[in-house]
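Hi,

Here is the structure I promised to pass on to you. Have a look at it first, and then read on for what turned up in it.

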Amino acid sequence: MQRKLLLPAAALTLGLASFTLLSRPSALLSVEPLTGLAADPNTTDEVPQDHKLVVYQLMVRLFGNQKTLNKPHGTAAENGVGKFNDVTDTALQELKKLGVTHVWYTGILEHATMADYSKIGIPLDDADVVKGRAGSPYAVKDYYDVDPDLAVDPKKRLQEFEALVKRTHGHGLKLFIDFIPNHVARSYKSDAKPAGVVDLGEKDDKTKAFAPRNNFYYLPGKSLVVPKGNDPLGAALKGPKEDQKYQETPAKATGNDVFSEAPKLDDWFETVKLNYGVDYQNGRKTYFEPVPDTWLKMRDILVYWAQKDVDGFRCDVAEMVPVEFWAWVIPEVKKVKPEVIFLAEAYDPKQYKRYLTEGKFDFLYDKVGLYDGLRRLMRGEGTTEDINKVWSQESRGFSSNMLRFLENHDEQRIASKDFAGNAQAAIPAMTVSATLGSGPVMLYFGQEVGEPGRGAEGFSGEDGRTTIFDYWGVPEHQKWLNGGKFDGGKLSQQQKQLRDFYGRLLNLSTSSEAIRRGRFYELQDANNLSSSFNQRDLYCYLRYTDKQRLLVIVNFSATQTYVPTLQIPPAAWKLMGLDPLRQQFTYTDILNNRPATGSARLTLAPFSAAVLEIEPKK
């Protein structure tokens, strides 16, 4: 991309890589044209909205588990399983100290599993259509119930979840749970639905491949063929009912839009696709009038959980469900609970604006843009132009509605050999994730202590991820867990320093007015001719309001130390309401708690970051 070079006016310089809290979502941002901004290629005319949530994703099954055996394909008794009750007052207090505002409790809803709870009335699942001994939390088999694995007393599982909700709110935190709208487990049957609720598929006409009021898609006259080579517990072990003969007649369409009775091994064969009124096999013709039955059932499920004080829903593969459904259902749920938050797992930048405006989502994943670009930089493969493309093009006008992150349950761990191989690589990238815009930022449990996701856990292999399919202990996270003390007592000094960085950054991001609601101005053009500034490794920008001015700079190099003298162009000084010809300034690194200096010339070590507060000398 051709970039305009702005002449420097006043010099600054910098250093390396602190923080309280807030939260709250809201409506879509507004865009107001401001004189001079639209024509400046280093900024946008977006009016930032204060959406600076800090989301902490934790897999309840793994979070509180203290067992360390980690036997591949191990049972819950062998490898252990975390419980709702393990997310204690102490744990929540420590998360709040870290800077967290919202906790995303992952794996809450009852899903297909090889665990046997038939003694309490839950039918045993068939291992032919279950992935992993613990099962995928995204193959839900009862939308109105919670996973019995997560309860100390499975008969009182819902009460234990409700106590967790109350406990979370008691610490001034809010919570998300997953809503998985596109597909359900093949064994779906609700035994916990409220009186009068008609179950999914209960009144379907199974003689028709598609009918507007059906909840599922069918393949009349055909039976499901379980994929060959499916060994959910490996070749040496057999799961319950595992015989490649799971009965489903007529076969239903598979969750990832596979309209065949014989899904492949790499398909989502353990799930079935829900029918939202789209006839996929006939040109995707839509039948949205009258309101499809599946829409009504999904609305009732969302309202059920909203009325149990859930504050938000992370909506799985939201783009696989018609945007017209979201446009209808989100306002319906907000009639019941106006403050409820809807976060979409979304991957198509061409559809982002539509899902925000028409679909009425509060927030979308920023995976394809910022995550992918930062990942390349962390691996030494990308350039900072990737960051420029995100704010200047991809999310231009709605950056406050994009959730930024470096890890989640789908992605590889930063410290894994498959990603960066070094947890310190997160320092510059997480700084950008948290401060580039005014939208939410997220981290995945264990990320803050450098959990590398090692081990072939069972169904999940040695892939740099922490398993969502198996019972497992998370070793580096367990060092912070420290037997339930949640005090980091077993962490190394380096891990403590890393977690301290995350705490300083996250608290700063929620306490700083400039980060929460300030405008953005990129400084790459103003510095790209400087011999001390390598634009491939260094990225810098301003965030500012009329009350606070910040300069953020990061170093993505794994080996190179830089000592740049940064330039701020005249246009940026003017926008910040400062005059470098008549005023002198102090520069205080508020991320690293360094004393104020009369210049901003600091050393940037490899994988480092600084946030300088610019203040006129008094």
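A residue is called buried under 20% relative accessible area, exposed over 50% and partly exposed in between (1.4 Å probe, protein chains only). This is a predicted model, where local features need pLDDT of at least 70, side-chain atom pairs count only at pLDDT 80 or more, and totals for chains, interfaces and linings use all residues. Residues are numbered from 1 along each chain as its sequence is written, and side-chain values use heavy atoms, with hydrogens and water left out.

Let's begin with Ser557, which is buried with a relative accessible area of 7%. Ser557 sits in the loop between strands S22 (549-555) and S23 (565-568); strands (E, at least two residues) and helices (H or I, at least four) are DSSP runs numbered from the N terminus. Leaving aside residues up to four places away in sequence, Ser557 touches Asp537, Tyr562, Pro606 and Phe607, contact meaning heavy atoms within 4.5 Å. Its side chain also reaches the backbone nitrogen of Thr559 at 3.1 Å.

Now for the barrel. Eight strands form a closed barrel with parallel pairing, in the order S4-S5-S8-S15-S16-S17-S18-S19; two strands pair if DSSP finds at least two bridges between them. S18 (residues 402-405) and S19 (residues 441-444) pair in the parallel sense over two bridges, and the bridge partner of Phe405 in S19 is Met442.

Helix H3 (residues 89-98) lies across S4 (54-59), S5 (102-106) and S19, and runs at about 145 degrees to S4. Angles run from 0 to 180 degrees between N-to-C directions, with axes fitted to C-alpha atoms, for helices over the stretch in contact.

Enjoy exploring!

How values were computed. A polar contact is a pair of N or O atoms within 3.5 Å; within protein, one must be able to donate a hydrogen and the other to accept it, and residues adjacent in sequence count only if both atoms are side-chain atoms.
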